[in-house]
Amino acid sequence: MESTEPLLVIDDLAVEFRTDEGVVKAVDGASFSVGRGEIVGVVGESGSGKSVTAMSILGLVKSGRRAGGTIRFRGRDLATLPAKELRAIRGAEIAMIFQDPMTALNPVVTVGRQIVEALKLHDKKLSKAAARDRAIELLALVGMPDAAARFKQYPHEFSGGMRQRAMIAMAIANGPSLLIADEPTTALDVTIQAQVLDLLKVAQQETQAATLLITHDLGVVAELADRVVVMYAGRVVEQGDVTTVFTEPRHPYTVGLLESLPRLDRDVDELHPIPGSPPSLLAPPPGCPFHPRCPLARDRCRTERPQPRVVGAGHQSACHFAAELAAVHTEVTR
Amino acid sequence: MTVETAAADRLDRLGEEVLRVDDLTMHFPIRGGLLRRPVGAVRAVDGVSFALDQGETLSLVGESGCGKSTTGRMVVRLLEPTSGRILYRGNDLATMSEDELRPWRSKTQIVFQDPYASLSPRMTVHDIVAEPLRVQGKYRQGGADRVSELLDLVGLQPEHANRYAHEFSGGQRQRIGIARALALDPELLVLDEPVSALDVSIQAQVVNKLRELQRRLGLAYLFISHDLSIVRHVSHRIAVMYLGVIVETGTRDEIFAAPQHPYTQALLSAVPVPDPRLRGARERITLTGDVPNPANPPSGCRFRTRCWKAQAKCAEEVPALEDRLGAGHPSACHFPELLPVLPGAAS
């Protein structure tokens, strides 16, 4: 059954971890969707729940427990799918790109064979020769010089940037309709990061896959994403079209993030940091999780949890006083 | 002596040269064979020179393996240089013995990148900050007051003193590291990626604190970072490093508005800018390949294997760091040209 809803719909997702000190609500009622072919950036700082959300999609959160909500892919709830069907989706319809390519590549198997295996796993009828040709084609596509020779090499013979390419080749091998990239450029040097960003664009154009881009780097999102989802303390605080959110933010946390950033492209006299630090997820503050750090906070914020509300076309903010921010944003984007 | 009286002395000497590094090299031996004899060397730093004034921030920028951190560690003599001079107010620290170094150690201090690894988990905040005072025999006279003063200076509360480092967030730990570095009234701080491990909102707090401390105390900063946006924000002058050498150096405006070395241009063009409206409007120079092995750097210009302008001369002749364009700042390129790569930089 092909539904008319977006490719991926995350609805009121909650994920908990049990620790010695209590239950950590890593994701606490997050909702957003990814349309076909769309690039959605999920941004947030450490502990915002962005990575846990991404890992939940493929059921890769080991010690955590899905405490509520649904993740629907092509209209089917992934949590209730039989293991066999979920395996068929992983690596074929939904593929992952990790921060560290060595977590995705097997060190004792040649890169070529790993791509061939990925291809044959989801297409049993593929001949050996055809799989080999396709693998070399994929390596060439991701900009691997001398792809045929590289096919026979092991991951340790590759530089960091080349491993990243090999991993992306493997991720797009089966023509996924959704790519999940978890901090794909973090820890890379600037010049290598630029190569990987170009490559993600190539991969996206080649496969027409929707991409869920998880990152803490607002620059990467500005460069690549169509839409952006801002997470804080396990919740989605703002989402919308990337230009709108960056130029007309309607949540004080987003405003704070943008004002905290030193800029490469212009002089900033003084950075305006967000005071304090993110809350403990063991005992999140009542009401709005951002209120202890928020310049707009008042009584209502301390008691009533703000729900996401539409503040513009395709633009949502979970702030009681989103309307007041309309006046402030010019300061940020001037 | 309180923080402010020591600062008054430094503030009188703003602009006076405090550090001059001259042709500094660090070659780490590679040992091999049965007898572990040296069979080669990683030339982590290979002839670096710069100067730093009181009250000034000089940033060393570059990617992993460019030698920026190794340079910083030599300046505070955590590493003994292979050759070259480290002139601290005219005194060469490079060749001093441990005993000779001791009085100078308090003048130059370092703050490390990882606030999780650089603070002892077994010591209270008070003891961490007091340790340099104890080592130098300065704790007996008013040490406890001094610690309170330092905690206040970096924006921590007095009641934090009896807690352990693990009870603090990353940003607070970095403040503890800064308080420790300031304990002995240094004139120069080496800041080695001091905010790289911190989240954006916290990063800004620490950056602001560092700038405030510099203004109040007249400190000189050698700021080591791979993050060009932060470097633009904090620096007076910048030296861009690649594979153990400085390829371009100048004031902040010279480097950001008028970069002339291809590597500087590539770096500046590669950083994603958090403004979706600029997407596609910037020309990005994408370098091919990776940084070569510093044990076996390319002949001539070290950047030539990744440079789109490389010619025969680049393989034969090492380009000196000089002002070939008469642009006011030097670069180490045989074929430099002014190419403003940032939006709004053309002038």
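This is a predicted model: local features need pLDDT of at least 70, side-chain atom pairs count only at pLDDT 80 or more; totals for chains, interfaces and linings use all residues.
Which residues does G72(B) touch, not counting residues up to four places away in sequence?

Residues are numbered from 1 along each chain as its sequence is written, and chains are lettered from A and ligands numbered from 1 in the order in which they are written.

Let me begin with chain A. Its open sheet has 4 strands in the order β2-β1-β4-β5, with antiparallel pairing. Strands here are DSSP E runs of at least two residues, helices are H or I runs of at least four, and both are numbered from the N terminus; two strands pair if DSSP finds at least two bridges between them. At the edges stand β2 (22-34) and β5 (76-77) of chain A, each of which pairs on one side only. Helix α1 (residues 50-57) of chain A packs on this sheet and touches β1 (8-19), β2 and β4 of chain A. Contact requires C-beta atoms, placed from the backbone, within 7 Å. The direction of α1 makes about 110 degrees with that of β1(A); axes are lines fitted to C-alpha atoms, for helices over the stretch in contact, and angles run from 0 to 180 degrees between N-to-C directions.

I turn now to chain B. Strand β1 (residues 17-32) and strand β2 (residues 37-53) of chain B are antiparallel and share 13 bridges, with R31(B) opposite P38(B). Their hairpin has 4 residues between the strands, and there G33(B) adopts a positive phi near 75 degrees. β1(B) also runs antiparallel to strand β4 (residues 83-88) of chain B, joined by 5 bridges; R20(B) faces L87(B) across that pairing.

Next, the helices of chain B. Helix α4 (residues 125-135) of chain B has V125(B), I128(B), V129(B), A130(B) and L133(B) buried, a residue being buried if 20 or more other C-beta atoms, placed from the backbone, lie within 10 Å of its own. Their cover includes α5 (143-153) and α6 (170-182) of chain B. Just after α4(B), G137(B) has a positive phi of about 65 degrees.

Finally, the opening question. G72(B) lies in helix α2 (residues 68-75) of chain B and is buried, with 21 other C-beta atoms within 10 Å. The residues that G72(B) touches are I110(B), V190(B), D192(B), L222(B) and I224(B), not counting residues up to four places away in sequence. G72(B) and L189(B), 117 residues apart in sequence, are 9.6 Å apart in space, C-alpha to C-alpha.

Terms used. Two residues are in contact if their C-beta atoms, placed from the backbone, lie within 7 Å. A residue is buried if 20 or more other C-beta atoms lie within 10 Å of its own, exposed if 12 or fewer, and partly exposed in between; C-beta atoms are placed from the backbone.
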